[in-house]
Amino acid sequence: MTQQVFSSVSTKKLSPKLIRNLKEKAIEIVLFIAASTSVATTLAIMFILLEECWFFFQEVSIFKFLTDTEWTPLFANPRYGILPLLSGTIVTSAIALFVAIPCGTIAAIYLSEFADSKLREIVKPFLELLAAIPTVVYGYFALLFVTPFLQKIFPELPGFNMLSAGLVMGLMITPFVSSLSEDAMRAVPALLREGSTAMGATKLQTALRVVFPSAISGISSSYILGASRAVGETMIVAVAAGLQPNLTLNPFSQGATITAFIVQVSLGDVARGTIEYQTIFAAGLTLVLMTLVLNIIGYYLAKRFREIY
Amino acid sequence: MVEQLEKAIDFQPVAEVKHLDFYYSGFHAIKNVNFDIPEKKVTALIGPSGCGKTTLLRCFNRMHDLYPGNRYQGGILVNGVNILAKEVDPIEVRMRISMVFQKPNPFPKSIFENVAYGLRIRGENSRTVLDEKVEDALKSAALWEEAKDRLNQSAYDLSGGQQQRLCIARALVTEPEIVLFDEPTSALDPIATNSIEELMSGLKQKVTILIVTHSMQQAARFSDYTAFMYMGELIEFDKTETIFSQPAQKRTQDYLSGRIG
């Protein structure tokens, strides 16, 4: 009987809708292309970096690149040791994190646990505005405002120094750290906060002993991603730290970071295909590897914290 | 109603609810509730969803203070002191009236530190005191045998039922007078539910228990007194057997027989 009913329905109505299917397929292709551009860009960048580095490392041994203490590729007697650039990057980033981690964390705890919703609506946009300021403005802020100010305290401080660049970079990263940390803390279920409050804990005890440890993976991932921002930051250090590659951990001295060197060479008139030209790719690859490792760690931590509760 | 209350009071009250009203901003959630909580007994709060039973429970440890716009009126007297009064410190109240929640909510700490939490936040750091009190609390919560060899493991390694017993131990460690249970078994399977119920029946030797439950069977099984709430009002409060066998109010009867709720 039911068999009868089925066969009596016109097969025409059940046949696939050609136009609809074509439209669906076309949309799918457009979406796929859009999604693949980012993947393709990343792969292309990696390819070009590796290709140029291949030529670079034919001239300069990797061992020399990693151990030589001088970076003077543009001099008559060139030396290609990445260490001075690495030390500049590490010093400025460390100073930046020294500022951004405490400030960002405290701001996040305040916004997530203490501020009432009205105040949060006012403070958060201001904090996020900090992230919207172009970094070159931060660079001049460091050079023309922070450095003279610091020179009043430390008269021997040179006009270009890593301390000022690092401090301002820290300011720049603070909203980044606080925003991600706050998200992590706000994702902690209200049930845990109530549990702690019900035990007679104060707001501060609840924030520090329950909410913070619950959100620790998200918070540490915000630190790592902040570090990756600091390592990759260019304009502030190029403007305010001086462009002298300098193997030192002293924040009061001048220094160049990997990024600052790349800007310097890219802006100059270095001929394509020369070894000087290829140095920026070697430096760039080092930078990409550093941020890649940091991002992978950050990603891993962020993923783990979502699984806790 | 007055008559009935008088009939029910053949006990020593540990807390007296007097003309209690509660408002969530504009919403009048608890309407003029009056009753006494008997000492070292289990009192169950029952009623349909949204009747205000959890709201009433959360007045007892001032959990409503956490969110803006909430307002209490009237009082809950414990030893003659109105714990809802502005000059009473809610943190002190929560030391003496602790709470177990609907879902187990252990902190991201070890089993030991979860139980020790209430002592730690009061500045207790002596290892011997902590060891002793944590052990007592875990024993009271019937978790000691299962947990004693893994006190330093994360509380999240425990099963759901064990986590809830851990939360009970945590609530007991400060030696409160009253423990509030907000549907403590609603997230648990029947076996875990059974063990928590046994545990609560045993606990009334030591503390007064006030429990919100959705399950009338649960209320009937182990509570001594039952309060039936409906639309923010306390409809009836009496010995559990009286409520279930011969309720005085028609609405109680209707609820128990499944006609409302």
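Modeller: The answers below take up a few features of this predicted model in turn.

Biologist: Let us begin with helix α7 of chain A. How far apart are its end C-alpha atoms, and what span should its 19 residues have?

Modeller: Helix α7 of chain A covers residues 135-153, and at 1.5 Å a residue its 19 residues should span 27 Å. The end C-alpha atoms are 25 Å apart, which agrees.

Biologist: Where does α7(A) bend?

Modeller: The bend is at A:A142 and amounts to about 35 degrees. A:A142 is also one of the buried residues of α7(A), as are A:Y138, A:G139, A:L143, A:V146, A:T147 and A:L150.

Biologist: What do those buried residues pack against?

Modeller: They pack against three elements of chain A: α6 (117-132), α8 (162-186) and α12 (235-240).

Biologist: And helix α11 of chain A, what span should it have?

Modeller: With 17 residues, 216-232, helix α11 of chain A should span 24 Å at 1.5 Å a residue, and its end C-alpha atoms are 24 Å apart, which agrees. Among its buried residues are A:S217, A:G218, A:I219, A:Y223, A:G226 and A:V231.

Biologist: Turning to the surface, which residues form the nonpolar patch?

Modeller: The patch consists of A:Y110, A:F114, A:L119, A:L204 and A:L208, with about 420 Å² of accessible area together. A:Y110 lies in helix α5 of chain A. Its relative accessible area is 37%, so A:Y110 is partly exposed.

Biologist: Is B:N79 buried or exposed?

Modeller: B:N79 is exposed, because its relative accessible area is 56% and the cut-off for exposed is over 50%.

Biologist: What about B:Q218, buried or exposed?

Modeller: B:Q218 counts as buried, at 3% relative accessibility. It is found in helix α9 (residues 216-222) of chain B. Leaving aside neighbours within four places in sequence, the contacts of B:Q218 are B:T185, B:T193, B:E197, B:I211, B:T213 and B:S223.

Biologist: Last topic: how many salt bridges are there over all chains?

Modeller: The count is 17 salt bridges over all chains. One of them joins the side chains of A:E194 and B:R58, at 2.8 Å from N to O. That pair crosses between chains, from helix α9 (residues 190-198) of chain A to helix α2 (residues 53-59) of chain B. A:E194 is buried, with a relative accessible area of 9%, and B:R58 is buried too, with 12%.

Biologist: How are A:K124 and A:E128 placed in helix α6 of chain A?

Modeller: They are four residues apart in that helix, so about one helical turn separates them. Their side chains meet in a salt bridge of 4.0 Å, N to O.

Biologist: And how far apart are the closest N and O atoms of B:E145 and B:K148?

Modeller: In that salt bridge they are 3.2 Å apart. B:E145 counts as exposed at 59% relative accessibility, whereas B:K148 counts as partly exposed at 35%.

Definitions and conventions. Residues are numbered from 1 along each chain as its sequence is written. Chains are lettered from A and ligands numbered from 1 in the order in which they are written. This is a predicted model: local features need pLDDT of at least 70, side-chain atom pairs count only at pLDDT 80 or more; totals for chains, interfaces and linings use all residues. Side-chain values use heavy atoms; hydrogens and water are left out. Helices (H or I, at least four residues) and strands (E, at least two) are DSSP runs, numbered from the N terminus. The expected span of a helix is 1.5 Å times one less than its number of residues. The bend at a residue is the angle between axes fitted to the seven residues ending there and the seven starting there. Buried means under 20% relative accessible area, exposed over 50%, partly exposed in between (1.4 Å probe, protein chains only). Contact means heavy atoms within 4.5 Å. Patches are made of residues with over 30% relative accessible area and no salt bridge: like charges are joined within 9 Å, nonpolar side chains (Val, Leu, Ile, Met, Phe, Trp, Tyr) within 5 Å. Accessible areas come from the Shrake-Rupley method with a 1.4 Å probe; for residues, only the protein chains shown count as cover.
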